[in-house]
Amino acid sequence: MNDKNLLAERFETHRTHLRAVAYRMLGSLTEADDAVQEAWLRLSRSDSESVENLGGWLTTVVGRVCLDMLRSRTSRGEEPLDARVPDPIVGSVDGVDPEHQALLADSVGLALLVVLETLAPAERLAFVLHDMFAVPFDEIAPMVGRTPAAARQLASRARRRVQGSVPTPDSDLTRQRQVVDAFLTAARGGDFDALVAVLDPAVVLRADTGAGAPLEVRGAAAVAGQALTFQRMALLARPALVNGSVGIVTDVDGQAMAVLGFTITDGKVTTIDILADVERLRGLPM
């Protein structure tokens, strides 16, 4: 085996971890793959023999690449939107795909990713690398051009935003399935009261259709009313795992038309995140 093949083999042992970092940073599976590929290109052009901790070096490279991509979005006027729904990771409700399980090792639900989308690029980097991947602030600081103390403050601000906006989900998939089934049954039957009963009073629904501004609705009555417009599509819905939690996919002639991710806390639906941008869905694995 030549040196290039050996280097490629070493890189592959880190690919899943790097993709997980990039997905949390970017909320896009395609862009995450692009960031990982860029890390490989930089490694292949570098003096890899001098790299003592390859995993740490690659994590830093991917972090820098993702930070540049986030800043590029901002410079093009693509400001984060509160209701923007990131790419969902969809799997069978009957079992978790090993690749998906690795990508979602920290139960990264859509609700969390939506909040991450609203953070400034440097805050997102500091929070993701430190809180999710235990990267020391001494290593994060040079990436964002700050002191370690300032990098710590960035992560702290992001942490407060996340903790104040993302409810803690129930972990029991069986219980989640019961709640989602109740929601779906009520939506199919046009039963407003049954919908309100399964929703938390402060529930938030976010819907990204790709056409115009994303929709955000708050409160059980308002969300139940919005869900009633879903009645016809609910007949085409099937349960699925969406970012590791029980959710819904609606299909028409084999094409996914919408993916609904739910956060369920204390037996009530606290957030519903809907991606109904058919062009984006067409490029995602289902």
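**Salt bridges and their surroundings**

Tutor: In this predicted model, arginine 15 forms a salt bridge with glutamate 12, and their closest N and O atoms are 2.8 Å apart.

Student: Why is the contact between arginine 15 and glutamate 12 called a salt bridge?

Tutor: The term requires a side-chain nitrogen of Lys or Arg within 4 Å of a carboxyl oxygen of Asp or Glu. The closest N and O atoms of arginine 15 and glutamate 12 are 2.8 Å apart, therefore the pair qualifies.

Student: What makes glutamate 12 partly exposed?

Tutor: Its relative accessible area is 42%. Partly exposed covers what lies between buried, under 20%, and exposed, over 50%, so glutamate 12 belongs there. Arginine 15, with 29%, is likewise partly exposed.

Student: Which residue pairs with arginine 280, and where do the two partners lie?

Tutor: Arginine 280 forms a salt bridge with aspartate 87, with 2.8 Å between the closest N and O atoms. Arginine 280 is in helix α14, whereas aspartate 87 is in the loop between α4 and β1, 193 residues apart.

Student: How do you know whether aspartate 87 is buried or exposed?

Tutor: Aspartate 87 has a relative accessibility of 6%. Buried means under 20%, so aspartate 87 counts as buried.

Technical notes. Residues numbered from 1 in each chain as written. Predicted model: local features only at pLDDT ≥ 70, side-chain atom pairs only at ≥ 80, totals over all residues. Heavy atoms only, no water. Buried < 20%, exposed > 50% of the residue type's maximum accessible area, 1.4 Å probe, protein only. Helix = DSSP H or I, 4+ residues; strand = E, 2+ residues; numbered from the N terminus.
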